[in-house]
Amino acid sequence: MLLFWRHGYEATSLSELTAAMGVRPPSIYAAFGDKKGLFLAAVDRYLSGPVTPETIIAGACSARAAALALLDASVIGFTGKQTPPGCLLASATISCSAEAADVQRALTAIRQRIEAQLRERILHGMDAGEMPPETDADALAGHVMAVIQGLSTLARDGAARDKLQRIAASAMRAWPEPA
């Protein structure tokens, strides 16, 4: 997972993967089918754990709290001491060739699923009076996701956690006030 995160899907070679895993290529093929299968398993691992975008959104007391928690978790995750900077979902396939289009589509679907869950939480928040009824839930969810993608890029460029936290706080100032 860390190799894909650090170097991207296509730039990570099978020889690097087998060396990191301490296995021979036939073991990868037997366990995962191919490099794509291993990558998708790595993405599943990346998204697993007690704190996921889904649990953050579902567990938030409001749509605003969900967005803020997603941004905060992103900043922390993108600047971890034991992990590469940035987001695996944002950077692993950003410059892939046409041969990796199916892998790109898989990551796009994951990001779109997260955005859709946030959009639904925003719609629920609108119904509950957390924000004005004319709020554009689609644009607001897209805004949060765009900021997350930008935070990932800045982290990969070496931005410090403090700067990313200030950017996230700035993005939240665009959040609509209660109705």
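Predicted model: local features only at pLDDT ≥ 70, side-chain atom pairs only at ≥ 80, totals over all residues.
Residues are numbered from 1 along each chain as its sequence is written, and side-chain values use heavy atoms, with hydrogens and water left out.

The C-alpha trace spans about 60 × 30 × 30 Å along its principal axes. Of the 179 residues, 40% are buried, meaning under 20% relative accessible area, with exposed set at over 50% and partly exposed in between (1.4 Å probe, protein chains only). The protein exposes about 9,300 Å², of which carbon and sulfur atoms supply 56%; these areas come from the Shrake-Rupley method with a 1.4 Å probe, and for residues only the protein chains shown count as cover. If we take contacts (heavy atoms within 4.5 Å) between residues at least 6 apart in sequence, 68% of them join residues at least 24 apart.

Now to the helix pairs, for which axes are lines fitted to C-alpha atoms, for helices over the stretch in contact, and angles run from 0 to 180 degrees between N-to-C directions. Helix α6 (residues 63–78) and helix α9 (residues 137–156) pack at about 15°, their axes 10 Å apart, and that angle makes α6 roughly parallel to α9; angles under 35 degrees count as roughly parallel, over 145 as roughly antiparallel, 65 to 115 as roughly perpendicular and the rest as oblique. The α6 residues in this contact include Leu 70, Leu 71 and Phe 78, and those of α9 include Val 144, Ile 148 and Leu 151. By class, the contact of α6 with α9 has ten nonpolar, two polar and no charged residues, with Ala, Val, Leu, Ile, Met, Phe, Trp, Tyr, Cys and Pro counted as nonpolar, Asp, Glu, Lys and Arg as charged, and the others, Gly among them, as polar.

Helix α6 also meets α8, the axes coming within 8 Å and crossing at roughly 150°, which makes α6 roughly antiparallel to α8. Here Ala 63, Ala 66, Ala 67 and Leu 70 in α6 meet Leu 118, Arg 121 and Ile 122 in α8.

Elsewhere on α8 (residues 101–127), helix α4 (residues 35–46) packs at an angle of about 15°, with the axes 11 Å apart, so α4 is roughly parallel to α8. Lys 36, Phe 39, Leu 40 and Val 43 in α4 meet Asp 102, Val 103, Ala 106, Leu 107 and Ile 110 in α8.

Finally, the threonines: are Thr 12 and Thr 93 buried or exposed? Thr 12, in the loop between α1 (2–7) and α2 (14–21), counts as buried because its relative accessibility is 0%. Thr 93, in the loop between α7 (88–91) and α8, counts as buried because its relative accessibility is 5%. Leaving aside neighbours within four places in sequence, Thr 93 is in contact with Tyr 9, Phe 39, Val 103, Gln 104 and Leu 107.

Conventions:
Helix = DSSP H or I, 4+ residues; strand = E, 2+ residues; numbered from the N terminus.
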